[in-house]
Amino acid sequence: LVLNKNDSPTMAEVAAAIPAHCKVLDTKKSMAYFFMSTGIVLAMGLAANAFVPVKAAFLPFWLAYAAVCGTAAFGFWLMGHECGHFAFSNNLALQDAVGFFSHTMCLTPYFSWQRSHAVHHSKVNHMYEGESHVPKETGDGYAHYMRELRFYCGKLVHGLFSMWVVSTGWVLYLMFGASGGPAYGLTNHFWPKGVFKTKLFPKKWHAKVIASGAAVIGVVAALAYWAKCTSFATVAAVYGGPWAIMNAWLGIVTLLHHTDVDVPHLEGEEWNYIRGAFLTIDRPYYKIVDWVQHHIGSTHVLHHINPRVPHYHAQEATEAIKKAFPDLYLHDPTPVHVALWRVVTNCISVKKVTNPTGSRQWVYDDPTLPSVKKNNRVF
């Protein structure tokens, strides 16, 4: 993409393009969707636990169950995501109760994530101050090793390993700040003290971070007790499989919102909130997936422009943004699985360039070029 910072509209112009009623919260409608997502996941889990033996002969069923239930579980997690953005209800106590429950049941510390995700939104697509899915510079330790992997083992091995990293990286992000921006360093969403940096979680957030982490530990303890009463295999099959697939969706969807071979990252005066938001990418998720996951992947540009628009208005608001700013709105019609393979095999690290308009920006480097390691930075 060739960008000129003068091309960006003002926040007021973008806000005016979104119909006013799209910004109105409907608590009853939000609760209906919360109960829908909860009911879908709960019904599948209870039925599988009651009627399907946890035996090797039923492994194909359990794998299919994990895929389907985990896909729906991401929709359940997204209800907490909506609460964290204050896009669920004007009743703040109810909103936090729903969000805390949703995320804690998915082993996500609610208030910790609410804070780090707010930073992600406030600095989206910023090369240095962004939070989560910030690309590595060519020569950074992790990027260097990934280039070495591709050079010596080939595109297929590198791509499969990258896919595994993306699918499991959510836990590493919560524990260590993996893929977080260089401005925040080593972070932890459960304990914001000690060896972990505190810039991401200022002191006023510490109590909420610790409480959120304690609640997650409580759920882990409950799962351990369930395993003691039944078996580890039962808990792994009924809960663990869908949880792993939910984590994979979280990593994959977020990566695809903010990464592609021709989408740059910005810094300094080249960056502003609206420019960063319009560098988010909408994608054509499979219809049933898009529905059960509340259109998070097909309306994410709008979500970054105004995260307080509830998901049930997001499609209408997206159409308004698309109509008002057709030259800025990014939608990639490539099937999601094809786009994912393109991204994980080609988007390894970035370099700084000057585009034809004189704008300085970070773009993805040729994945086949060798790399000289500059540092040992992993996260």
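## Helix H3

Helix H3 is mostly covered, for 19 of its 26 residues are buried. The structure described here is a predicted model. Helix H3 spans residues 59–84, and the distance from its first C-alpha to its last is 36 Å. This reach is close to the 38 Å expected at 1.5 Å a residue. After H3 comes Phe-86, a residue with a positive phi, near 60°.

Trp-62 and Tyr-65 both lie in H3, three residues apart, which corresponds to about one turn of the helix. Trp-62 has a relative accessible area of 7% and is therefore buried. Tyr-65, with a relative accessible area of 6%, is buried as well.

## Aromatic pairs

A pair of aromatic rings is described by the distance of the centres and the angle of the planes. How many aromatic pairs does the count give? The count comes to 20 aromatic pairs. Trp-62 and Tyr-65 form one that is edge-to-face, with 5.3 Å from centre to centre and 90° between the planes.

A further edge-to-face pair is formed by Tyr-110 and Phe-111, with 4.8 Å centre to centre and 65° between the planes. Both Tyr-110 and Phe-111 are buried. Ring pairs also build a cluster, which links Phe-74, Trp-77, Trp-113, Trp-170 and Tyr-173.

## Cysteines

A disulfide is a covalent bond between the sulfur atoms of two cysteines. A search of the whole structure finds zero disulfides. The cut-off for a disulfide is 2.5 Å between the sulfur atoms.

Cys-69 is likewise in no disulfide, as the nearest cysteine sulfur, that of Cys-106, is 10 Å away. Is Cys-22 buried or exposed? Cys-22 has 0% relative accessibility and so counts as buried. Cys-69, at 2% relative accessibility, also counts as buried.

## Salt bridges

Side chains of opposite charge can pair when their charged atoms come close. In the whole structure, a search finds ten salt bridges. One of them joins the side chains of Glu-137 and Lys-374, at 3.3 Å from N to O. This pair links distant parts of the chain, 237 residues apart. Glu-137 is in the loop between helix H5 (110–122) and helix H6 (141–153), whereas Lys-374 is in the segment after strand S2 (360–364). With a relative accessible area of 23%, Glu-137 is partly exposed, while Lys-374 counts as exposed at 57% relative accessibility.

A salt bridge also forms between Asp-260 and Arg-283, whose closest N and O atoms are 3.0 Å apart. These partners, too, are in distant parts of the chain, 23 residues apart. Asp-260 is in the loop between helix H9 (232–258) and helix H10 (273–277), and Arg-283 is in the loop between H10 and helix H11 (287–292). Asp-260 and Arg-283 are both buried.

Which residue meets Glu-267 in a salt bridge? The partner is Lys-352, and the N to O distance is 2.8 Å. Glu-267 lies in the loop between H9 and H10, and Lys-352 lies in strand S1 (residues 350–354), so this pair ties together parts that are 85 residues apart in sequence. Glu-267 counts as buried because its relative accessibility is 18%, whereas Lys-352, at 34% relative accessibility, counts as partly exposed.

Salt bridges can also share partners, and in this way Asp-260, Arg-283, Asp-332 and Arg-342 are joined into one network.

Definitions and conventions:
Residues are numbered from 1 along each chain as its sequence is written. This is a predicted model: local features need pLDDT of at least 70, side-chain atom pairs count only at pLDDT 80 or more; totals for chains, interfaces and linings use all residues. Side-chain values use heavy atoms; hydrogens and water are left out. Helices (H or I, at least four residues) and strands (E, at least two) are DSSP runs, numbered from the N terminus. The expected span of a helix is 1.5 Å times one less than its number of residues. Buried means under 20% relative accessible area, exposed over 50%, partly exposed in between (1.4 Å probe, protein chains only). Rings of Phe, Tyr and Trp (its six-membered ring) pair if their centres lie within 6.5 Å; planes under 30 degrees apart count as stacked, over 60 as edge-to-face and the rest as tilted. A salt bridge is a side-chain nitrogen of Lys or Arg within 4 Å of a carboxyl oxygen of Asp or Glu.
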